[in-house]
Amino acid sequence: MSLLFACITVLFWVIGSAVGQSSYDCSEVADNFIPCVTYLVELESRPADRCCSGLQVLNQMAKINDKGPRNICQCIEDLAYTMNAPYVASRIQSLSRECHIHFSFPISIAMDCYR
């Protein structure tokens, strides 16, 4: 019983520390990034306006705190994994140019969130 209590305590501690690192959660990141997925998997020839405006929101979110860019990157990585979406490297590279935006968070085919 005490082992169960210890596990639950650690779980709440981990969740609490992750939430405390930023003032947003991955659902907000997903809401802003999902419109880009169809472009990134080559279902559309150019990113939708909602994609580009969502990236602008994510850029603002990334500036909230020092861990913002890393948290956003991790959320995008988790989203790609969950959706099993094979992002095309050239599309990731062109997304910045197509939306006329410089990313304040890392995004790549390798999703190296700690660069």
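**Aromatic pairs and the core**

Trainee: Tyr87, buried or exposed?

Mentor: Tyr87 is buried, at a relative accessible area of 8%; buried means under 20%, exposed over 50%, partly exposed in between (1.4 Å probe, protein chains only). This is a predicted model, where local features need pLDDT of at least 70 and side-chain atom pairs pLDDT 80 or more, while totals for chains, interfaces and linings use all residues. Residues are numbered from 1 along each chain as its sequence is written, and side-chain values use heavy atoms, without hydrogens or water.

Trainee: OK. How many aromatic pairs in the whole structure?

Mentor: The search finds 2 aromatic pairs (Phe, Tyr or Trp six-membered ring centres within 6.5 Å; planes under 30 degrees apart are stacked, over 60 edge-to-face, the rest tilted). The Phe33 and Tyr87 rings are 6.1 Å apart at their centres with planes at 65 degrees, so that pair is edge-to-face.

Trainee: Where do Phe33 and Tyr87 sit?

Mentor: Phe33 is in helix H2, and Tyr87 is in the loop between H4 and H5, so the pair ties together parts 54 residues apart in sequence. Helices are DSSP runs of H or I, at least four residues, numbered from the N terminus.

Trainee: And what is the relative accessibility of Phe33?

Mentor: It is 0%, so Phe33 counts as buried.

Trainee: What about Phe103 and Phe105, how is that pair arranged?

Mentor: Phe103 and Phe105 make a tilted pair, with 5.3 Å from centre to centre and 50 degrees between the planes. Phe103 is buried at 14% relative accessible area, and Phe105 is buried too, at 3%.

Trainee: Switching to the core. Which residues of the largest nonpolar core touch the most other members?

Mentor: That core has 27 residues, and Phe33, Leu55, Tyr87 and Phe105 touch the most other members. Two or more residues each come from H2 (26–40), H3 (49–62), H4 (68–83) and H5 (89–98). H2 gives the largest share, 7 residues. Members are buried Ala, Val, Leu, Ile, Met, Phe, Trp, Tyr and Cys joined through side-chain atoms within 4.5 Å.

Trainee: Back to Phe105. What does Phe105 touch?

Mentor: Leaving out residues up to four places away in sequence, Phe105 touches Leu55, Leu58, Asn59, Ala62, Pro69, Ile72 and Ile76. Contact is heavy atoms within 4.5 Å.

Trainee: Last one. Which residues in H2 and H3 meet?

Mentor: On the H2 side, Glu28, Val29, Asn32, Phe33, Pro35 and Cys36. In H3, their partners are Arg50, Cys51, Gly54, Leu55, Val57, Leu58 and Met61. So Phe33 has a place in that contact as well as in the edge-to-face pair with Tyr87.
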